[in-house]
Amino acid sequence: MVMPGESVDANDVGWAIQQAVELGEMLESDSDVVPNLTATGRLVGVRFTVENLGDEPLTYVGMDLEDDQGREYAYLSDGLAFITDEEACELEELEPATVITCTAIYDAGADAAGLRAVLTDLSLLGGEEVLVDLELE
């Protein structure tokens, strides 16, 4: 199993989980227009890099988490308001040799254990997947 901080390749995509942190049940907004972000379970933040190692452009559309019960968690688009613009990667075109750093917020189940990042080769038709243990417990 790959651990946070280690680089891992899924075909032509290089990934590295930089940091994973428990954020609690709610993030308070400093804005009158953006509501607080409240979890149904618990909020988890993950900062990572993605690199296109191939010769063709790729499209990054997000990264999922998975727990030890096989439940998957997609990033919260409402969480983008709590992330710096430079790292709020929602949909990114990755040209060859391009590296992006992203932060995503997830609403994981309150009882979710063994959370892992599901890193893919960004193939829309289903391709290689690599799991990285986030070491949160």
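Tutor: One term to begin with: buried means under 20% relative accessible area, exposed over 50%, and partly exposed in between, with a 1.4 Å probe and protein chains only. The model is predicted, so local features need pLDDT of at least 70 and side-chain atom pairs count only at pLDDT 80 or more, while totals for chains, interfaces and linings use all residues. Residues are numbered from 1 along each chain as its sequence is written, and side-chain values use heavy atoms, with hydrogens and water left out.

Student: Is Asp-9 buried, exposed or partly exposed?
Tutor: Asp-9 is partly exposed, because its relative accessible area is 46%.

Student: Where is Asp-9 found?
Tutor: Asp-9 is in strand E1, residues 7-10. Strands (E, at least two residues) and helices (H or I, at least four) are DSSP runs, numbered from the N terminus.

Student: Which residues gather with Asp-9 in a patch of negative charge?
Tutor: Asp-12, Glu-51, Asp-55, Glu-56 and Glu-128 gather with Asp-9 on the surface. Patches are made of residues with over 30% relative accessible area and no salt bridge; like charges are joined within 9 Å, and nonpolar side chains (Val, Leu, Ile, Met, Phe, Trp, Tyr) within 5 Å. Asp and Glu count as negative, Lys and Arg as positive, and His and the chain ends are not counted.

Student: How far apart are the C-alpha atoms of Asp-9 and Met-26?
Tutor: They are separated by 33 Å, with the two residues 17 apart along the chain.

Student: Salt bridges next. How many are there?
Tutor: The count comes to 5, where a salt bridge is a side-chain nitrogen of Lys or Arg within 4 Å of a carboxyl oxygen of Asp or Glu. One of them joins the side chains of Arg-42 and Glu-22, at 2.8 Å from N to O. This pair links distant parts of the chain, since Arg-42 is in strand E3 and Glu-22 in strand E2, 20 residues apart.

Student: Are those two buried or partly exposed?
Tutor: Arg-42 is buried, at 13% relative accessible area. Glu-22 is partly exposed, at 39%.

Student: Which residue forms a salt bridge with Asp-67?
Tutor: Arg-71 does, with the closest N and O atoms 2.7 Å apart. Asp-67 is buried at 0% relative accessibility, and Arg-71 is partly exposed at 28%. Arg-71 also forms a salt bridge with Asp-111, where the closest N and O atoms are 3.0 Å apart. Asp-111 lies in the loop between E8 and E9 and Arg-71 in the loop between strand E5 (64-66) and strand E6 (72-73), so this pair ties together parts that are 40 residues apart in sequence. Through shared partners, Asp-67, Arg-71 and Asp-111 form one network.

Student: And the core: which residues touch the most other members?
Tutor: In the largest nonpolar core, of 31 residues, they are Trp-15, Val-46, Phe-48, Tyr-60 and Met-63. Such a core is a set of buried Ala, Val, Leu, Ile, Met, Phe, Trp, Tyr and Cys residues joined through side-chain atoms within 4.5 Å.

Student: Which strand gives the most to this core?
Tutor: E8 does, with 5 residues.

Student: What is the phi of Ala-97?
Tutor: About 70°, a positive value although Ala-97 is not a glycine. Most residues other than glycine have a negative phi. Ala-97 sits in the loop between strand E7 (92-94) and E8, and is exposed at 64% relative accessible area.

Student: What about Leu-122?
Tutor: Its phi is also positive, near 65°. Leu-122 lies in the loop between E9 and E10 and counts as buried, at 9% relative accessibility.

Notes
Areas by Shrake-Rupley, 256 points an atom, 1.4 Å probe, with all protein chains shown as cover. Charge placed at Lys NZ, Arg CZ, Asp CG, Glu CD.
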